[in-house]
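Subject: Structure handover

Hello,

Here is the structure I said I would pass on. My notes on it follow below.

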Amino acid sequence: MEVYRNGKGSTKNVVVIGNGMVGQRFCEKLVELDRSRQYKITTFCEEPRAAYDRVGLTSFFAHRDAEKLMLNKMEWYHAHDVALHVGDRANRIDRKKQVVQSDKGIQVPYDFLVLATGSYPFVPKINGIRKIGVFVYRTIEDLEHIIAYGMRVKRAAVIGGGLLGLEAAKAVFDLGLETHIIELAPRLMPKQIDEGGSRILISQIEALGVFVHLGKATQQVVGNNVVKGMRFQDGSGLDVDMIVVSAGICPRDDLARDCGLTVGERGGIRVDDRLQTSDPLIYAIGEVALHREIVYGLVAPGYLMADVVATNLTGGDVSFTGTDQSAKLKLLGVDVACFGDYEARPEQSKPLVWDDPFAGTYKKLLFNPEGTRLLGGMLVGDASDYSTLLITSKSGDPLPCKPHELIIGKSGGAALLGGVESMPDSAQICSCNNVSKGAICRAIREQKLTTVGAVKETTKAGTGCSGCMPLVTDIFCAEMKAAGIAVSHHLCEHFPYSRTEIFAIVKTKRLMTFDDTISQYGRGLGCEICKPALTSILAALWNENIMDRKHQTLQDTNDRFMANMQRGGLYSVIPRVAGGEISPDKLIALGETAKEYGLYSKITGGQRIDLFGAKVQDLPGIWEKLIGAGFESGHAYGKALRTVKSCVGTTWCRYGVQDSVGFAIRVENRYKGIRAPHKIKSAVSGCIRECAEAQGKDFGLVATEKGYNLYVCGNGGVKPRHADLLAADIDEETAIRYLDRFLMYYIMTADRLTRTAVWIENLEGGIEHLKDVIIHDKLGICSELEARLQFLVDSYKCEWAEAVKDPEKRKLFRQFVNADENESSIKIISERGQPRPADWPSEAVSLEQFKRLSHRLIDGVLQTEPTTWVNVGSVSDFPHNGGATVKYGKVQIAVFNFTSQGNWYACQQMCPHKKAFVLSRGIIGDLNGIPKVACPLHKKNFSLTTGECLSGGDYSVQIFPVEVRGDAVFLNLPPTEVLDQYMATEIGCELATVCETDSNLLPVL
């Protein structure tokens, strides 16, 4: 038997039994308040994983990733010296010896013991309830069993129409099963809403295709060892294949009973206002605690209990006197909220009811008999006023308006209560984490928080149920305004408009070019921010070829050369493989092309094949071969639709219920080439097993027996976001119609470089607003959205197919405009039988070596050499408002034609940051009137008049004078043999790969 002792002298042991949300909250709060480190925390966790978000349990059915629900990573426990025993149940409390014992034989002595054991599901005594196919809904393991079994059945029933039952019904419904809700009471959520609210809630739920059965007492589960149906006490029955019991909870007080603590007659450990049990060394918090004959089943009261105990253990003196059970929920997509004293007795209150069956909303507000104070209420269908009404009911302040104006208002209902500025600092904003308005304001001011996300992370406001986030955002905006911090939405210094405003201007005024737009609505020459943004808008509206002279140099190098720039200025080539389906002949063509051009080959995450290492001058030849083999552009280079992944669906898979490959190909071919504020990824899964990961994409489709569930605004990457369900069980035509609207609405309203996941987080009203716009045509623009999207579909042409057959467009890919030569600009090595670039040096080494090189140039060598004017080409060789490369001896020089300004500039082709020969492919423009070029690799900006880096850092580029004489372009240059000594391409290649500071590595110097 293993005995743990802290061995730290006066340090006291606090043992926490239960590592659920409330137990973990206590650990966090004690760590925060115990500044003198007088306590050593040990916590027992019976489940196989540490504390997770049980409130968000239904989301597990969508992403199937337990890690996404974790409240803290394991590093948190190590960092704060919290001993966590995962998968080990505390099974005995020896109060006399003050020791806790576990299933694994561990014994831990305690000075104080906190019981946070929570509850277990209540399972009614029903004949046959133990049959195969009956599940409870409580833990991640329960959900995993439900998911596995749900894949084999078609119909399911949920016993329980309360809060937990509706959460379980949502989970079952998301599995694509025919879903029935069985409730004993005559209404849904009988503890939170009345008959009128229940009626609206039922109408909304049934509209989804969920069946609701009220006043039904289950008498028997039918089936021979396996669930086949249910029989009710009224003699009726229901054929189902699976049953989920979610009919309430029971406090898990068995440990307390075994060690002699006082418990209530109906369960729960009795506690006083300090949350102490009948043993003053033992506390109980959360769902296991019975306080003043109430067991609280919500997380917010549990968090408050945890805070009270942690505060008192660290020298405080606070009491838990109870709390209201206000809550804002979204159940099966329907807003439901109750706040304040929503069960006030009739003799103490007067109700005011708004019942709108057409809009599907129900509001019941309770006032004192005089109608001067708001006591509480309930909201169904529309809970947007919840936070404001909750704070008003808690304040006890006289109303500033008549009662009915809170519902219908003179001009806006609860808006009459005033904005966040009128709220006192003591107003509780986040009830889950007990965060006041004052705490949020102080955090913003003192810690100089500049984003809503930082406010959430610092104060924990909005990290529980998220119902308070509208208020948190309002407080943040008010603080920014009070501090005089203007949050500018201007696109850049050249346009005093947001992207959305510029989109509207270009659409309304029918502006066709960047030059037209900046001359009428902007200033200056533009930059690497506004040029690509405007070009994307023009493409989304008019869909002209991006390689046209008026558009080509406005874009990042990826779009400009229709390939993704990689290390050293080389490119990757990714042809479209719609739906991930590819023929053997096309595979062979890709292999032959890779061999011919010496390209590195790799399968992408989007079910395509990527060919790396293409030189810019080789791109037309590569694509000519690929187009001849039946490929077309994959637009991996553009802010456009990338791929639509698919699983094999009914084509091959025994679990498939729809042809996911066929639909994925149809969707990808429809939306290919469409420009957007950012890249778009998609997937189609053939069943709820979700092998294509559609719910982590910008839009995704998951097959059901009835059609497809359409999800939108998901994202993987650095900040993953699970997609929201936009519509369920829709056919392919409806899915296409909704997608047309969704994509065009996103294109019209999102900021530049904003993925759909970020867009919807910032979209007022979120997914519900999106549903109103896309499905219900709230703004009356659906016909326009569809028409604009259809125009883009109809006007699509493969950009590479157009380019390879146009000799003038092929010229744009020349390495040098004045020489038919090819020169390698990067060192290539072999690894695992494939070519790749040599490693980059460390930043410090690389910078130091370049400083030695550049200083030799600047410190007099070139200034003392005789120079001559050298003809490097004709005006037509250089693109409109862009750059091209010339070769002079062994040196590469970038020459820039500022057509709209009438000026010309030139500098070295090599960017000093990563030593890549790429500057001529960068976007030109100005910064506060200074002409500049932005390196296409990492957007380092260099002045074309002084050569200095405008982006910070000890970098600079060599500048050369330019003159235009008639149609000829001249550079003022020293003799080739002189310049070759210092700027030859081979020196740059060596500089880009060396890894030591030994000056012998640069022998020519």
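**What was found**

Among contacts in the chain between residues at least 6 apart in sequence, 63% join residues at least 24 apart. Please keep in mind that this is a predicted model.

**The chain as a whole**

The chain contains 28 helices and 51 strands. Its radius of gyration is 34 Å, close to the 30 Å that the globule rule gives for 1005 residues, so the chain is as compact as a globular protein of that length. The C-alpha trace spans about 100 × 70 × 60 Å along its principal axes.

Of the 1005 residues, 57% count as buried. The accessible surface of the chain is about 42,500 Å², and carbon and sulfur atoms account for 49% of that surface. On the charged side chains, there are 116 positive and 120 negative ones. The centres of these two sets lie 2 Å apart.

**Aromatic rings**

There are 19 aromatic pairs in the structure. One of them is formed by Y39 and F112: the ring centres are 6.3 Å apart and the planes stand at 75°, so this pair is edge-to-face. The cut-off for that label is an angle over 60 degrees. The pair links distant parts of the chain, with Y39 in strand β3 (residues 39-45) and F112 in strand β8 (residues 112-115), 73 residues apart.

Are these two residues buried or exposed? Y39 has a relative accessible area of 10% and is therefore buried. F112 is at 16% relative accessibility, so F112 counts as buried too. The limit for buried is under 20%.

Elsewhere, one aromatic cluster is made up of F561, Y571, W623, W800 and F813.

R37 has a positive phi, near 55°, and is found in the loop between α1 (21-33) and β3.

D81 lies in the loop between α3 (74-79) and β4 (83-86). With a relative accessibility of 38%, D81 counts as partly exposed.

**A loop residue**

Where is T450? T450 sits in the loop between α10 (437-446) and α11 (452-459). Its relative accessibility is 58%, so T450 counts as exposed; the limit for that is over 50%. From C-alpha to C-alpha, T450 and F476 are 8.4 Å apart in space, and the two are 26 residues apart in sequence.

Regards

How values were computed
Residues are numbered from 1 along each chain as its sequence is written. This is a predicted model: local features need pLDDT of at least 70, side-chain atom pairs count only at pLDDT 80 or more; totals for chains, interfaces and linings use all residues. Side-chain values use heavy atoms; hydrogens and water are left out. Helices (H or I, at least four residues) and strands (E, at least two) are DSSP runs, numbered from the N terminus. The radius of gyration is taken over C-alpha atoms; the globule rule is 2.2 Å times the number of residues to the power 0.38. Buried means under 20% relative accessible area, exposed over 50%, partly exposed in between (1.4 Å probe, protein chains only). Contact means heavy atoms within 4.5 Å. Accessible areas come from the Shrake-Rupley method with a 1.4 Å probe; for residues, only the protein chains shown count as cover. Lys and Arg count as positive and Asp and Glu as negative; His and the chain ends are not counted. The place of a charge is taken as NZ of Lys, CZ of Arg, CG of Asp or CD of Glu. Rings of Phe, Tyr and Trp (its six-membered ring) pair if their centres lie within 6.5 Å; planes under 30 degrees apart count as stacked, over 60 as edge-to-face and the rest as tilted.
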